[in-house]
Structures are given as C-alpha cells and as structure tokens.
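Please consult the sequence and the structure shown here alongside the text.

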Amino acid sequence: MTQKYILLFLLTLFLNNKNVLAFHDTSTIKHTIPSSEISLDDELLQKLKTSLASIYKSNKIDFKDFNATKSNDEILFTGTFVLYRVKIKLEVIFDTNKELKSLTGRLLNPSKGFTSRQFKKLTKGNSDLENWFPKVMKKNITFDNFAISFDENSKKPSEISVSIATVNGFKIIENSPLNFNNIIGTVTTKNPVSGAKVSASLTGEFNIGPTVVKSTASVGSSSEDWAFKGELENLSLTNVLKSVVGSIGTLPMPDKVIDININNSSFTVIPSKKSFSLTGIGAVSGTKIGELQLKIAPEQGSKLGFMVGISPSSDFKMANIDPNLKILDDLKITNFGLVLSSYSSSKGNLDVFKKLGGESSIGRGFNFIGAFDLKPTNLDDLIGLESVMIRAVVSNKLSDLLLEGALNTNINLGKSATFKKVLFRVKPSPTNFKISMGGVLEVKVDKDVLAFSAEMGVDITDQAIFITGLMNGKWNDPFGAKGVAIANLGATLGVSFRTTPIPLPEIGIKGELQIKEFNGDLLVYLNANNPSESAIDAGFNRVSLKAILEEFCDQQTLRKIPSDIRKTILDVNLEDARLTIAARPLTIMEKDFDPGFRIKGTANIGEIAGAKLDVQVGYEGIDATAGIKKISHLPFFELKGARGKEDPIIRILAKASTESKVVISGSATLLGLNSETDLLLNDKGFDLYMNGKIFNVFNAKLEVTGSRVKDGGSFRIAATMEQDFMKYLTKHASDEIDKATKKTQQDITTAQNKISNAQLKLNSLNTNIANMRNTVKAERKRDLDNIKNARQSVVNEKRKHFNDIVNNINSINRKVNAAHAGIAKKKKEIANANVFEKPALALKYTPYFTEQAFIISTQETAKVTQQGYREVAKVALKAAEESVGLVHTLGSKTPIDADPRIVALIGSKETANAAMIAGKGILEGAKIVGVGTLGAAKWIVENGPTSVVNITYAHFEAKLNAAHGGAILVRMKGTFAGKPLDEKFTINFKDPLKSSKDFAQSLL
C-alpha cells in the first residue's frame, strides 16, 4: 500500500511539471562522449526540457547522472531523475539530428507507485486511478514502466503509455469464485498536449473448471466500461457454472443435463454489472444440440443467478439427453427451446425466444418451451389458433410433467357461454395422456351471468370428455327466490365410456347454501357408470361427538362409555367440520375424499386445543385420531411422537364391542426413562403407566397422575421398585453394617468362648468338690483331738480372717456403685440426644457399656464369694470361740464345706460361674441400645453378614418435578438383624452407593 502511494505521488509531481526543467551543475554529468563535445549534453537536455514542458511542470523534476551515448543512427541519453521524490531511470532516444524520438522510464523501486492524483497528472487524464480499474483490482496494482512518443513535426509528446501489473489475482465478480490471474496492462494517453484521450487494456487468465482461459479487456472512459472477453472450447456446462457461480444447488432437471458440453464459445465478463455471459454450441454425448447462451448476474441482492438458453436444431431429439424424455419428442413439437435457470422469472431475456417467435415465463429448473400444434387434436377450430406456446419444468419425475401455456383469445361455447383467460395444458404421460384447458367460464343463466373457475378437455387414456367448474362469488336470488344466495356453486358434466360401450353421464353439484344467517355447504357427485366413484360431502360450522354417537351409532355404545371418561368424550366439539362418505379414495372437483364414513374438524379435547380430528364413524361407534403438539414440561417430563413421528397421537375410541378410552400415544421421558406409552385422559385428569430403568440405574413400575395435562406442577408419580433395587440396597447396606460392627462381633465371639470354657471348668470343679468332702470327713475324725490344742490360736486366726472378708465386701460395693453411676450417666446422654445422634452415641458407648457390665458382673460374683467366705468365717470364728469345752460337739456339727480346701474349690467354682455370667452380660448388652450395633453384630456372628439387612419392598410417591432431582423419600420393608423393618429413608438415585451406606448408618 505504501509503495503504491509513493509511486503515484511521484508520478503526480512529474505530471505537474510544466516549468523549465531544473538541472544540476554540468560537472555532475558523466559522458561517454569526448570532453571536446560537452555542449551536446546541454543541447539534448534543453530539447528534452522544451518538449516535456508542454505537458509537465518541471519544478519538481531533478535530473542526475546523465550519460549520452552516440551511435551511427541514434543518440541514447540515459540517466536518473527524481519525480516527486521518486527515482526513475530514463532512456531518451534522439536521432542523429538530435531530434527527440522516444522516452521510456522505469521506476528504480517498482514496488512503490504513484498516488491517484499523481497517476492522473502522469496520464494527463481526467480521472483518478480509482476510476480506471475494477474496484477489486485497485489494491493489487503495481507500476512497471512508462513511455512517451513524440510527434515528428512538433517534437511534442504524442502518446503516453504506462505499464501496470497486479501483485495477486482477484475475484472479478463479487460473490463469485471466478479469479482473474497473471494480469498485465497498459494505460495510454493520446494527444496529451491538447484534447487528451485516455484508454486502458488488460490481459490475464481465468480458471474455468480444469482449463486455463486467456482473456483481454479494454476501456475508454472509466472502470464501469470494463469488459473481459475470451474463448472456450469443449468445457462442461457444470464446470462453467460452478467456476462462476460456485455451488449450483439442487435444481429440478433430468440427471443427464449436467453432461451438456459447450463448444466454440466466447464469453464476456463485466465486473461493474457483476455479470458473465457466454455464447456457443451445446452438445451432449457427442451430439450437437444447438446454439447455447448463458447469462449470470445477481438474482436477488448480491446473490448470483444463472439462466442458460439452448436453441436446438430442427432435427434434435430430447431423447438424446435422456431416453425418458422421448415423451416430449412424441408431442411432435419441432420448434422448441430449452432454458436452465436457477430462479423463476416472468420473462426470459434470451435469444432462444427470438427463434420461438414469442415469450414465456421461466420456472426454476430445466424448462422445455415449444409451440404445440393444435391441428392433430381438432381443437384448432374450437380455439381459433393453429398452435400454442407451452412450457414445463422438466425433472426426473416425468409422471408429474405438465406443459402449460396461456391462450391470448376467448373461446365461445354457444350463445350463453364464453371461456376466457384460458390456460392450455398438456400432460404427456404415455399411460395418462391428457389435454385440458383452465380458465374462467362465463355462463348466462336467466338474468344473471355466473363466472366459474373451470376446466375442460379430453382425457384420451380414460376415454372421457369433461367440463368442471366452481362458481366465483354468490348467486343471489336464484331463479327469483328472494333471500336465498348460493355461493361457490360447482358443477361437473361428463361422458364416460370406461366400463361399458354405452356412454353414461357423470354429474356433480357442489355449493354453499345461505338462507338468512345460516350457512352450509354440500357436494353430491354421482357417477352412473361406476357407483363406487360416487361421494357425499356436507359441512357444519360445529358438531359434537355426542350428536354423532346419538345420530349414527348403536345406543349401546353411548351407554357403555365409562363414567370416568364420559364427560371427556361427550364434550368434544368439532369446528368447521366436514362429513364425507366415499367407497374408496377419490379426488373430485379439487377435493380429496378418504374412504368410509368420516367427519373431520378442529376439536378441543379436554385441555388439548386445536386438534385436527379425523373421526371414523360406524354403527358400533367411533374411532377418532389426531396429531397433537408434544406435551413438554422440561426438564422433568416430555411426551412426543414415537416411531419416527414428530407429534404424539390422540385417540378417542367409543365402541360397543371394546373398551372406550381417550389416550395420547407417544414416547414419554421422565426420571431418565424413555419409552413408548399411553397417557389415559379421564374426567379428573390423566393416568400414565411406564416400566423401565429410572435414572438409568434401577427398574421400577411407574404411575404418573395429574389433574391437568398442561399443568406440569400437578404431576405426581408413584413408583414400585423392582428386584434389582432391593438386591442392591440389601447387599450394600449389609456390607456397610458388617464393616461397621466388626469390633463388636469380635467381642461377642470372645464372650461366647468364655462361657463355653467356664462351663467345662464348672463341671470339673463339681467333681473335685464331691471328692474333697469325702476326704474331709475321713480326716475330721483324725484331727478332732488336735483341735483341742489349738483353741485360742484358732480363735485369733479366725477373727482376723473374718475381718479381712468384711473389708473385701465393702471395697466391692464401692466399685459396683461407681459402674452403675457411669452407665446411668451415659444412658441419660443418649436419651437426651436427637433422633439422628442417638445411633451414633449408642455405637460410641457400646464398648463402655460392655466394659462396665463386665465389671459389675465380676464384682457381684466376687461379692457373693466373699459373702460366702464371711458366713463360713463367722461360723468358724464362733466355733473356735466355743471350742473350749465344746470340741466334741463342735466337731460333729461343723459343716464339711467349712474346710478350707472345700472353700477354695467352691471359690473356684464361683469364679468360673462369674466368667460365664460376664459373657452372658456382653451378649445381653444389646438391650441397652435396642436393635442396633450389638444386635446387628450378634446376628452377623450367628448367621453371617449376608442379608443382615433384607429389603423386600420399596415404594415412593412424590411430585414429579421434585423427584426429577433424584433425591426421593422411599418407604422400605424387610428385616434388619432378623427383625421386621418398615422405614422411610431418602435415597439419592444419582448416588445409590452413598445412600446405601447412609441407610445402614441410620439403622445402627
């Protein structure tokens, strides 16, 4: 950009140079001419200055380092001069008479250029640089050199030439992929001294398809006049269109049209008009079609559109393009044209219409246009024309092909009828060939003239001649009947000889009847030749399903409608309803008939408004269906169409032979479950049942109810969980409880082992005590005499022993009281805790309760033992004190068990018994906190960890919008540690593992 402006700036300075050229001191000039001829340089410079002064100012030009080289036939004068601060290398040619012949200049830095104003001064033109070249090209222009030619007589400049090039190619048409590349050009000014006339030319290349095409352009006034021209040979029409337009989209046309080639063609591109035009010869598969003309220009706004016109030769057949197009050849149209257009137009501006001798509208796609000869149809006399111009857009679906053309004439049908604004139609299908005409039929009836939109013609395939019409407007007071108006009257009259050799009439009457404020319409179509093609059509502003059932159906049907949906069905009204009866599908007078007895209309069904209800009526009852808009209460509920259908289907079934219902069928989505289902409407709301995996984790049976379909807030859901949920919760809750009670399980196992060992020891001690009693009895007799000698010493010993036992009992009482106080304190803390803290505190203090219970049991056992010792010692002391004088009496009455050895064995027995009691105390410790940690641990020890929790039933009920989040209060039944369980707990179905663990902790 900077280089360009510098170059333009320097050129402008050069163009403004109209004064005498400024020179450097001659000492700065270097010569190849001997010093004796130094005056030659001054003379040449003066001549150059004089000549240039006629077109440029000289005060901005500075000459440097000029050399003169003389040869036999000319003098070359070279050097550098600065034009508006831009250095330019000059070569000036003088003849041997020192007369100017030519001047050429080359920028020493060609990447820089001149400003627009400098360019204007250089070329002596009236336009700036921006006005000379296409807009898209301006930023790419670079200057190469320029030249000046001189008039032989006046020695003044006669022509100025500036050579230009572009750095890059550019898109020559806006919004087109067509690029102009490798561009060079010249701007030429003739007669620059007076009456300057500027022109320009360019040469370059286009890429059209795989072919590089040379192109030239010239302009004489401004950039608006640029026209690029070139020639093409053997290029496909498709490649040309894609190269210029880009994507041509999908157009209605036979597939083989894309195979058309263009030969011997020339093209013109006008950037200012964003247009591309081409003329040549079209060919397909080596067969010449005829002259081809292509025009590309903006269609709407800046979007490019195209139109291709082909004028086929007289012997060309459409079957050469596609064998299926032979049906057009069979019409015997010899003068026809082809137009491929990307848009519709009321008038095609192509040369092909000059050949056809007329004009025609153009449709989007491949148009066939030709003059249809009426003489073979014998319609020429009736119409008053020998031919008619007809047109059709030809696609691959030739069965729908219909050629049409407007007749610029009226057709008189007797004295009272005239056919006007006639559109002539030809349907060339080999199996259903038809010729028809549509237009306005004016018929004079009595004093009135009725205008019908009518069609008449000959159906050769169906062997029928027909006239049909629909009246426009109203026929007031027909035949003098005051206050009566008939609107849109329709009539059909024809002769059919399809099934019998005798023609039988086909008669149709259609109209709207208006008597005062009441309106109705009717159609009766009778085909005497084939009764199965007859039909009845009646219209109502409004009709109810109740009236239909009462009027047309078995009364049992009405009585059998269940009470809970009776109001829903009987309150349905059809607006703008039409009643039709037809034996089979028919199309009569522009109306389609479905088979059977049907009533169609717009109905409100409960909250469902605007349903297009189709009611099939029979003696047994009705079966009505309609597509409705999806029911959407996102994100928690949606009911849409199923099996590829966008909308759900509502169905009303009321028949004597089956169960009546109002149901919306479709695909429902809720709680992450999607499946086909039926939503059953009733007088109080609706019910919906589904089975499947909710939140993509567990199977459940669901029931959704609500008072209003349109009110998502009224939706409630009830779910009964399936076995996979119960198994999951049973396993993970049991695992968590097993993990949490491991320590307690170990304590219980240890206690059970202690009880077993203590029982074995008790059995052994009982045997030893019996044996020892026998031994004591034997020894007592022997030792009785010795007791006499130990009276006083025994008394002292027994008294000390008795006192020690009393002290031991007091110590035991203090320990037991302390243990009871500790337990009472912890139990009070648990009792005062909230419902969520109790399980945790019970679990925390279980080891403490076990320890204190063991202490109490052990001390109470020891106390019993000491009390036994005390009584024995008391007896022994009393015996010792009374031993004096009572030795023999005492010996015979003293208990055997008072013997220390027996006392020791009895003490060991009491110790073993205390250990067994302590173990039982641990096992009974569960009573302190109820069915919790100890209870679960005991159950696991006895039965194993599997199914310590066993869930056999799970159910929840909630509002659907609340349940959507996944955290739902679920009621569960089963067993925990072998005891019945009936609990409610919040399960987060989006994190069932954590919920299982939390549930387990709540049980503990």
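The protein has 19 helices and 47 strands; helices (H or I, at least four residues) and strands (E, at least two) are DSSP runs, numbered from the N terminus. The model is predicted, so local features need pLDDT of at least 70 and side-chain atom pairs count only at pLDDT 80 or more, whereas totals for chains, interfaces and linings use all residues. Residues are numbered from 1 along each chain as its sequence is written, and side-chain values use heavy atoms, with hydrogens and water left out.

**Overall burial and contacts**

Of the 1004 residues in the protein, 44% are buried; buried means under 20% relative accessible area, exposed over 50%, and partly exposed in between (1.4 Å probe, protein chains only). The protein exposes about 50400 Å², of which carbon and sulfur atoms supply 51%; accessible areas come from the Shrake-Rupley method with a 1.4 Å probe. Among the contacts (heavy atoms within 4.5 Å) with a separation of 6 or more, 55% are between residues 24 or more positions apart.

**Aromatic pairs**

Rings of Phe, Tyr and Trp (its six-membered ring) pair if their centres lie within 6.5 Å; planes under 30 degrees apart count as stacked, over 60 as edge-to-face and the rest as tilted. By this rule there are 19 aromatic pairs. Two of the pairs are set out below.

| Pair | Centre to centre | Angle between planes | Class |
|---|---|---|---|
| Phe66 and Phe77 | 5.1 Å | 35° | tilted |
| Phe698 and Phe989 | 6.3 Å | 70° | edge-to-face |

Phe66 lies in strand 1 (residues 61–70) and Phe77 in strand 2 (residues 74–83), eleven residues apart. Both Phe66 and Phe77 are buried. In the other tabulated pair, Phe698 belongs to strand 43 (residues 698–706), while Phe989 is in the loop between strand 47 (979–988) and helix 19 (992–1003), 291 residues apart. Phe698 has a relative accessible area of 4% and is therefore buried; Phe989, at 0%, is buried as well. Phe698 and Phe989 also belong to one aromatic cluster with Phe695, Phe725, Tyr728 and Phe956.

Charged side chains also lie over aromatic rings: a charge sits over a ring if NZ of Lys or CZ of Arg is within 6 Å of the ring centre and within 35 degrees of the ring normal. Lys826 is placed over the face of Tyr848, at 5.6 Å from the ring centre. The charged end of Lys973 is over the ring of Tyr953, 5.5 Å from its centre.

**Nonpolar cores**

A nonpolar core is a set of buried Ala, Val, Leu, Ile, Met, Phe, Trp, Tyr and Cys residues joined through side-chain atoms within 4.5 Å. The largest such core has 117 residues, and those touching the most other members are Phe276, Leu294, Phe306, Met318, Leu328, Phe372 and Phe424. Beyond its neighbours within four places in sequence, Phe372 contacts residues including Leu331, Ile333, Glu386, Phe424 and Ile435. A second, separate core of 84 residues includes Ile631, Val704, Ala733 and Phe985.

**A buried strand and a buried serine**

Strand 16 (residues 303–312) is largely enclosed by the rest of the structure, because nine of its ten residues are buried. Strand 16 pairs with strand 17 (residues 336–341) in the antiparallel sense over four bridges; two strands pair if DSSP finds at least two bridges between them. Val308 has Leu340 of strand 17 as its bridge partner.

Ser243 is located in helix 4 (residues 237–245). Ser243 counts as buried because its relative accessibility is 12%. Not counting residues up to four places away in sequence, Ser243 touches Ser176, Pro177, Leu178, Asn207, Ile208 and Gly209.
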